[in-house]
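Please open the model in your viewer and keep a selection panel at hand.

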Amino acid sequence: DNRQWANSFYIPRDENNRQFVVESHPGLVDLAVSQTRKAWQALGLFDSSHCLSEKDGELDYTGKVVVIDPRIFKDRYKTPDNQLFLAQSGFGCSPHARGRKVFGTFLKDGEQTHYQRSDIIGILKDEHLPDWARDKLTELTPPDEGESDGITMGGI
């Protein structure tokens with residue numbers, strides 16, 4: 001179980017990179033990994049179980065709140081609120097485009113940046129969207145064109 005969990009993390013393949021080599025007893029390694037898994041789970045991070053399933057790999061991310069894979073963040077940014085990202089544009093939003101960049105905005109602080117499509121776990125299911133994020137989302141998304149904001153162009 002621990003081996004399968006650990007294999008979900010990227011470890012660079014480099015014969016000179018010995019910082020990932022463990023030469024301890026397998027029982028001690030298993031114990032250390034178990035403690036690490038508990039600490040990881042205590043972070044309460046979003047994972048694929050919180051996301052829509054990729055039906056045939058055909059999800060378009062445009063205008064959707066997506067979950068950024070926390071493994072790409074520095075440790076201090078590995079929090080659920082830092083994972084929520086409003087995907088707004090870029091070829092990476094489309095599952096069939098050659099480009100992979102997804103441009104958007106972090107819901108937490110409004111910072112605009114981009115990620116690779118491979119850095120995204122998936123589209124967050126609506127029932128997992130926190131209230132604070134829902135409020136921020138309404139600030140970031142313009143009203144539909146069909147909605148009137150009280151200004152009309154008629155009679156000019």
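This is a predicted model: local features need pLDDT of at least 70, side-chain atom pairs count only at pLDDT 80 or more; totals for chains, interfaces and linings use all residues.

Begin by selecting the strands: five of them form an open, antiparallel sheet in the order 4-3-2-1-5. Strand 4 (112-116) and strand 5 lie at the edges; each has a single partner strand, so one side of each is left without a neighbour in the sheet. On average, neighbouring strands are turned by 45 degrees against each other, direction ignored.

Strands of a sheet pair through backbone hydrogen bonds, either parallel or antiparallel. Within this pair, valine 66 stands opposite phenylalanine 85 of strand 2.

**The nonpolar cores**

Which residues have the most contacts inside the largest nonpolar core? Select Tyr61, Val66, Ile68, Phe85 and Val102; the core to which they belong has 13 residues. At least two residues of this core come from each of strand 1 (64-68), strand 2 (84-89), strand 3 (101-106) and strand 5 (120-123). A second, separate core comprises eleven residues, including Phe46, Val65, Val67 and Leu137.

Now centre the view on valine 66. Beyond its neighbours within four places in sequence, valine 66 is in contact with Tyr61, Gln83, Leu84, Phe85, Ala87, Ile120, Gly122, Ile123 and Leu124.

**Threonine 105**

Move to threonine 105, located in strand 3. Is this residue buried or exposed? Threonine 105 counts as buried because its relative accessibility is 2%, and buried means under 20%. Apart from residues up to four places away in sequence, threonine 105 touches Leu84, Phe85, Leu86, Gln88, Gly110, Glu111, Gln112 and Leu140.

**The whole chain**

The chain contains four helices and five strands, which follow the pattern α-α-β-α-β-β-β-β-α along the sequence. Of the 156 residues, 28% are buried. The accessible surface comes to about 11,200 Å², and carbon and sulfur atoms account for 50% of that area. Among contacts with a separation of 6 or more, 58% join residues 24 or more positions apart.

Notes
Residues are numbered from 1 along each chain as its sequence is written. Side-chain values use heavy atoms; hydrogens and water are left out. Buried means under 20% relative accessible area, exposed over 50%, partly exposed in between (1.4 Å probe, protein chains only). Contact means heavy atoms within 4.5 Å. Accessible areas come from the Shrake-Rupley method with a 1.4 Å probe; for residues, only the protein chains shown count as cover. A nonpolar core is a set of buried Ala, Val, Leu, Ile, Met, Phe, Trp, Tyr and Cys residues joined through side-chain atoms within 4.5 Å. Two strands pair if DSSP finds at least two bridges between them. Axes are lines fitted to C-alpha atoms, for helices over the stretch in contact, and angles run from 0 to 180 degrees between N-to-C directions.
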